[in-house]
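Reader: Hi! I'm new to this one, could you walk me through it?
Author: Happy to, let's have a look together.

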Amino acid sequence: MTNSSVSQKPVPSPAATNAHYMRSIVIIGALFFIFGFVTWLNSVLIPYLKIACELNNFESYLVAFAFYISYLVMAIPSAWVLKVTGFKKGMSVGLLIMAVGAVIFIPAALTRQYALFLLGLFIQGTGLAILQTASNPYITILGPLESAAKRISIMGICNKVAGALAPIILGAIVLQDADALNARISSMDAVQKAAELNELAARVITPYLIMVAVLVVLAIMIYFSGLPEIDTDKEDETVAAANVRKTSVFQFPHLVIGVLTFFLYVGVEVMAGDTVISYANNYHQIPLTVAKFFTTYTLIAMIVGYIVGIICIPKYFTQDKALKVCAIIGVILSLAAIFTDGYVSVLFISLLGLANSLMWPALWPLALADLGRFTKIGSSYIIMAISGGAIIPLLYGKLGDVINLQQAYWIMVPCYLFIWYYAVAGHKIRT
């Protein structure tokens with residue numbers, strides 16, 4: 001297939017040239033890097049804004065809520081945007097929306113208004129909803145379905161390498177001397193306390209200005225790139241025959257159950273990465289200068305899992321078997337974190353990254369299987385399920401205030417058990 005034919009009509013992924021295939025992989029990999037960097041900044045923003053804006057546990061986890069609830073609100077509009085713009089232009093739009101969200105952090109920091117920080121996070125999540133709606137089905141359909149988990153695992157490494165760097169970079173800037181400041185402010189008068197907290201809040205201005213510049217440049221680069229379109233509405237004869245009487249995406253029970261599974265999975269993944277710093281600092285009194293690295297450990301564990309997936313799927317085991325094993329590991333590590341203490345307990349939470357690693361790449365192809373022309377809308381509902389990262393950590397924060405932060409981790413056990421059910425039976429259900 002020639003370059004001219006690519007420009008005239010959508011390119012079916014199996015017939016894409018190797019050059020276009022590799023170029024597409026690189027571009028989507030860069031986007032997944034951005035996803036990871038922006039998403040896992042929340043693990044630092046939660047303890048940072050808890051100090052700067054004087055919040056309790058529940059209020060601090062509104063950071064995750066504001067960011068991830070945008071997926072619930074914006075997933076269906078995102079599908080509409082992509083229908084109008086196509087994948088490539090839609091990705092550029094998503095990056096520009098993320099840049100707007102980053103800009104809002106500037107007045108939020110200058111005024112130390114928590115509501116403005118949350119608004120900026122919501123808008124960043126809105127941009128990411130568009131990007132995720134485009135990129136995940138894109139990488140799933142770009143090659144053979146049986147190796148989709150392998151491709152998504154490669155994307156996951158890009159995502160988690162960025163995620164591992166994000167808390168270290170931002171933490172070094174905004175959490176510098178935060179432990180000492182947190183200890184001092186209780187004895188300060190109102191004027192001195194406000195001055196110190198204003199200085200702390202202002203630390204995010206430079207990092208977010210840099211982020212704005214990077215997002216705008218990437219948006220321009222992708223707009224003018226040679227990224228090909230993919231026809232997600234195309235069905236082979238078998239899928240078309242099976243779907244001939246289907247009128248709604250809700251007639252695919254494996255997708256409906258899969259959406260709930262995604263909701264629970266994203267919730268526990270976000271908990272493992274975003275709660276571990278606050279858990280270490282607030283419950284086990286581990287200094288923030290040390291605790292800020294635990295999210296990085298979580299993401300390193302995820303990278304290890306992704307590498308296993310790249311090597312082993314589908315050569316040694318299938319996507320659904322990988323999901324079964326990961327769910328069982330999640331249950332074991334959750335219980336281990338609840339029944340141990342100190343650094344050991346915190347490290348068990350970080351190790352949940354290993355349990356969560358192959359869930360995202362395994363769930364996408366299982367949930368999207370045989371959807372055919374319903375793929376775009378099905379993908380939108382899966383993106384809506386990312387709102388699990390808003391709800392479940394918020395419930396954890398509330399339980400942490402009512403009981404304690406360690407016992408609140410019980411919320412993860414039934415989530416992992418349901419994921420195990422989907423791997424065993426849920427994804428096989430057809431009408």
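Author: One term before we start: a residue is called buried if its relative accessible area is under 20%, and exposed if that is over 50%. Also, keep in mind that this is a predicted model.

Reader: Thanks! So are F32 and F35 buried or exposed?
Author: Both F32 and F35 are buried.

Reader: And how much of the protein is buried?
Author: Of the 431 residues in the protein, 58% are buried.

Reader: Back to F32 and F35, then. Where do they sit in helix α2?
Author: Helix α2 covers residues 18-39, and F32 and F35 are 3 residues apart in it, so about one helical turn separates them.

Reader: How many aromatic pairs are there in the structure?
Author: There are 21 aromatic pairs. In the one formed by F32 and F35, the ring centres are 5.0 Å apart and the planes meet at 55°, so this pair counts as tilted.

Reader: Nice. Which residues do ring pairs link into a cluster?
Author: That cluster consists of Y61, Y279, Y283, Y396 and Y409.

Reader: What lies over the face of F58?
Author: K398 does, at 5.5 Å from the centre of the F58 ring.

Reader: Changing topic: how many helices and strands does the protein have?
Author: It has 21 helices and 0 strands.

Key: Residues are numbered from 1 along each chain as its sequence is written. This is a predicted model: local features need pLDDT of at least 70, side-chain atom pairs count only at pLDDT 80 or more; totals for chains, interfaces and linings use all residues. Side-chain values use heavy atoms; hydrogens and water are left out. Rings of Phe, Tyr and Trp (its six-membered ring) pair if their centres lie within 6.5 Å; planes under 30 degrees apart count as stacked, over 60 as edge-to-face and the rest as tilted. Helices (H or I, at least four residues) and strands (E, at least two) are DSSP runs, numbered from the N terminus. Buried means under 20% relative accessible area, exposed over 50%, partly exposed in between (1.4 Å probe, protein chains only). A charge sits over a ring if NZ of Lys or CZ of Arg is within 6 Å of the ring centre and within 35 degrees of the ring normal.
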